[in-house]
Amino acid sequence: MKKMKKNSWKYLLVSFICASIVYLMYVTQGNRAEIIEIDNTIVESNTIDLLEGKNIVIDPGHGGVDIGTTGLTYGTREKEVNLTVAQNIKQELEKRTAATVILTRDKDIDLGRNQIEALQKRIQIADDASADLYISIHHDAFTDPSVNGITVHYSSHQNKGENLAKILQTSIFKQSIDAKNRGVKDSDFYVLKNNSAPAVLLELGFTSNKEDEIRMVSKDFQSKTAISIVDGIIEFFAK
């Protein structure tokens, strides 16, 4: 009886050590596991492995003398909020994955002497990086201040653009953001139709609409936007 009891303690000790090792491995690798939903099915994805070697270009629209749109109510400058959103996405991607994230600009600068040069430079940056994905960040405006909402644009020139746009739009509206869903739209934007990588252009609200303008500069919306876009990127590669 004493011998059996002694062996039992040895077994328990070995089991405890093994369990501790497994737990430590889980804790140290914990940031690598991601629970995502694909086609209404919850799956666990190793996002580090999934996006290892992927080059993702995030393009904050406008910059420098090109201000973009300007808020009618509070004077929000599009170029500035575009950059903030892009930087948040980069930070979120690097925190949750091993993807290489490239910003077309990381400060308030011009990318060319004129608009077409700047657009060509954005495409060149993506080409030089052999981009696996390209996301351009913008905020819209319209003459009618009642027009509002979020749109994701893609180009029918690409065979994966529409799918990427739908994934991102769905992911964004899984968050509680109290914004109008304007859906996805086939558009002729230069950075979409001339891109070698799957590409989308996000219009994350209208600076010409008071409610949208308030929302787009809020920390809560910007945080939810970054999280949902990264969720969508992960889902896109998982599929």
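Tutor: Of the chain's 239 residues, 45% count as buried (under 20% relative accessible area, with exposed over 50% and partly exposed in between; 1.4 Å probe, protein chains only). The model is predicted, so local features need pLDDT of at least 70, side-chain atom pairs count only at pLDDT 80 or more, and totals for chains, interfaces and linings use all residues. Residues are numbered from 1 along each chain as its sequence is written, and side-chain values use heavy atoms, leaving out hydrogens and water.

Now the residue itself. Arg 122 sits in helix H4, residues 115-128 (helices are DSSP runs of H or I, at least four residues; strands are runs of E, at least two; both are numbered from the N terminus). Arg 122 is buried because its relative accessibility is 5%. Beyond its neighbours within four places in sequence, Arg 122 has contacts (heavy atoms within 4.5 Å) with Asp 59, Pro 60, Gly 61, His 62, Thr 104, Leu 111, Tyr 134 and Val 191.

Next, the wider chain. Its secondary structure comes to eight helices and eight strands. Among contacts between residues at least 6 apart in sequence, 77% join residues at least 24 apart.
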